[in-house]
Amino acid sequence: MNITMAMSDAAVAEELYSRLESYRQSRGMTQEALAEKLGISRPTYSRIQKGTCSLTVFLGVLRELNLLEGLNSLIPTPSLRPSEIVKRRNGLIRNLHSAGVARRKTINQQINAPKEDSWRKISSGMSVREMLANRKK
């Protein structure tokens, strides 16, 4: 069954528990053995089904079943939007115009400082259109 927005939290928890149980069983592991590996009691393990377990317990189960890296697709790493890059660049340029000569040197160093790849593109003069064309999809 697919998890949808129309499902209640309890129904989502039950579906996740069902999926975890399928993985656990396919590995030939009992609930007691898994709970013991996690250092928790069997009743604590059963709280996963109700959706009342702690996040730490849930992550521990995912780790033991080698499913933890699946969270990368669930919650992808945020990336910088071109509009955020332009705002930062414009803010730094505005500071350049209002700053004294001594401060300009510092701000120029900030603009040209090696940072995250997206920030390096600012100082290279790449346009927003070019950044959009080159972004990872």
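Predicted model: local features only at pLDDT ≥ 70, side-chain atom pairs only at ≥ 80, totals over all residues.
The chain has 137 residues, and 26% of them count as buried.

**Overall fold**

- The chain holds 9 helices and 0 strands, so that, read from the N terminus on, its elements run α-α-α-α-α-α-α-α-α.

**The largest pocket**

- The largest pocket holds about 620 Å³ of space, and of the 21 residues that line this pocket, the closest to its centre are Leu16, Phe58, Leu62, Leu71 and Leu74.
- Two or more residues of the lining are given by each of the elements α1, α4 (55-64) and α5 (71-74), and the largest share, 7 residues, comes from α1.

**Glutamate 15 in helix α1**

- Glutamate 15 is placed in helix α1, which spans residues 9-26, the helix that also supplies the largest share of the lining of the largest pocket.
- With a relative accessible area of 13%, glutamate 15 is classed as buried, because that value falls under the 20% cut-off.
- When neighbours within four places in sequence are left aside, the residues in contact with glutamate 15 are Met1, Ile3 and Met7.

**Leucine 65 between α4 and α5**

- Leucine 65 sits in the loop between α4 and α5, and these two helices are among the elements that give two or more residues to the lining of the largest pocket.
- Although leucine 65 belongs to a loop, this residue counts as buried, because its relative accessibility is 0% and the cut-off for that class is under 20%.
- Once residues up to four places away in sequence are not counted, leucine 65 touches Leu20, Tyr23, Arg24 and Arg27.
- Leucine 65 and glutamate 21 are separated by 44 residues in sequence, while in space their C-alpha atoms are 9.9 Å apart.

Definitions and conventions
Residues numbered from 1 in each chain as written. Heavy atoms only, no water. Helix = DSSP H or I, 4+ residues; strand = E, 2+ residues; numbered from the N terminus. Buried < 20%, exposed > 50% of the residue type's maximum accessible area, 1.4 Å probe, protein only. Contact = heavy atoms within 4.5 Å. 1 Å grid on protein atoms, 1.4 Å probe; cavity = no way out; pocket = protein on both sides within 12 Å on 5 of 7 lines; lining within 4 Å. Points joined across faces, edges and corners; volume = space filled by probe spheres on them.
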